[in-house]
Each structure stands twice: as structure tokens, then as C-alpha cells.
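This briefing covers one protein chain, shown below.

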Amino acid sequence: MKRLNVIFAAVMAASLLAFSGCTISNNKSENGKDNVDIKTPFGSMKVDQGVDARDTGLPLYAGAKPYEKQKDGHNAANVNISSSFFGLKVVAAEYSTSDAPAKVHDFYQNALKSFGKVVECKGEYTGFKYDKGNADQDTPVDCSDEHGNSADEIQLKVGTRHHQRVVSVKPDGTGTRFALVYVNTRGEKESGS
């Protein structure tokens with residue numbers, strides 16, 4: 001029992017030391033979007049809701065406007081997580097336009113070509129999976145990750161599993177709703193880059 005108390009005390013002391021160096025700041029940008037910055041001795045995390053389409057490395061479709069979500073919904077985020085063990089940057093933003101999905105599709109098909117071979121997948125994009133244990137994260141993107149059954153939604157992807165851009169295009173009433181996503185990860189091996 002005494003050994004357990006010593007271990008518990010050591011864990012508590014280490015936790016206090018770790019969190020004593022933790023800082024959290026939350027502020028609003030000029031456009032009223034939330035910005036949160038968390039720093040610890042082990043790494044940092046920054047979340048910014050004020051996203052510019054160019055943060056994804058892609059141009060914004062002419063005339064597109066930020067997609068208005070339901071009450072208290074957010075249409076964009078720029079998330080950076082960094083530590084000596086791994087890093088993750090995800091930039092995502094949703095937009096809408098009165099133009100037809102085919103026009104938006106063609107625009108982004110051409111824009112993505114500058115980054116490499118574009119892969120087209122059918123169905124709703126249900127998310128990026130980061131698999132730290134997968135040694136071959138530099139393989140080109142494909143359609144093997146999770147996609148929903150929505151036949152009218154198309155995903156355009158380019159890059160590798162570590163570094164990719166995704167554009168999701170789907171009909172929205174008489175216009176189009178689309179999302180721009182940029183994902184960049186690094187594992188322990190790449191921590192010096």
C-alpha cells in the first residue's frame with residue numbers, strides 16, 4: 001500500500017509539473033470567430049475558426065459564400081496540433097454557390113491538377129483517418145477510406161495519405177455546396193521536418 005501511495009504521489013507531482021507550464025488563450029478575431037491556443041511542455045494545439053480558402057492551398061470558386069450552418073454551427077476551422085511525437089494540421093471550410101455542381105467540380109478538378117493526379121470518389125466523405133502505425137503513409141490517396149452512400153456527392157482528392165487536399169461537391173437545392181479540406185500529418189520519424 002505504501003508503494004502505491006509513492007507511485008500515486010509521483011504521478012500527481014509529474015502532472016502538476018506538466019500542467020503548470022500549460023497556457024490556454026481564447027479570443028475573438030476581428031470577424032467574431034473564436035481562436036483557441038493551448039500550449040504545454042509536450043506540445044501545442046491551435047484552433048482558428050477564421051479560415052480563408054487560400055489556407056487550403058486552393059482558390060475560392062468565384063461568387064461562393066461561406067455555407068451557413070444551422071444555429072451555432074461553424075463552417076470552417078484551422079486546427080494545428082504539434083508535439084515532438086506527431087503533428088497534424090487540418091484546414092476545412094464549407095461554401096455554397098448558386099452555380100451547378102458540374103461547374104464547381106470542373107473548376108476544382110483543374111485547380112487540383114497542379115498538386116498531382118486527381119482521384120475522384122463517389123459518396124459523402126466521412127473523414128480522414130490518421131494511422132500512426134501505418135508505415136506507408138506516403139502512398140497516393142485513393143477511394144479506400146470511408147465514404148457514405150450519398151451518390152450525388154463527389155470527392156476530388158490529390159496528394160498522399162500524409163499530405164492531401166480534398167474537395168467535396170454536392171447539390172444543394174438549385175446550387176452547390178462544397179467543402180475544401182487540407183490535411184498534413186507528420187509522425188515521429190518526420191519530427192525534424
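From the N terminus on, the elements of this predicted model run α-β-β-β-β-β-β-α-β-β-β-β, with helices (H or I, at least four residues) and strands (E, at least two) taken as DSSP runs numbered from the N terminus. That makes two helices and 10 strands. Residues are numbered from 1 along each chain as its sequence is written. Local features need pLDDT of at least 70 and side-chain atom pairs 80 or more, while totals for chains, interfaces and linings use all residues; side-chain values use heavy atoms, without hydrogens and water.

**Burial and contacts**
- Of 193 residues, 33% count as buried (under 20% relative accessible area, 1.4 Å probe, protein chains only).
- Among contacts (heavy atoms within 4.5 Å) between residues at least 6 apart in sequence, 58% join residues at least 24 apart.

- Beyond four places in sequence, Phe178 touches residues including Leu60, Tyr95, Val104 and Tyr108.

**Confidence**
- Mean pLDDT (the predictor's confidence in each residue, from 0 to 100) is 74, and 59% of residues reach 70 or more.
- Confidence is highest in H2, at a mean of 97, and lowest in helix H1 (residues 2-20), at 45.
- Residues 1-19 have pLDDT below 50, with two contacts beyond near neighbours in sequence.
- Residues 189-193 also stay under 50.

Technical notes:
Buried < 20%, exposed > 50% of the residue type's maximum accessible area, 1.4 Å probe, protein only.
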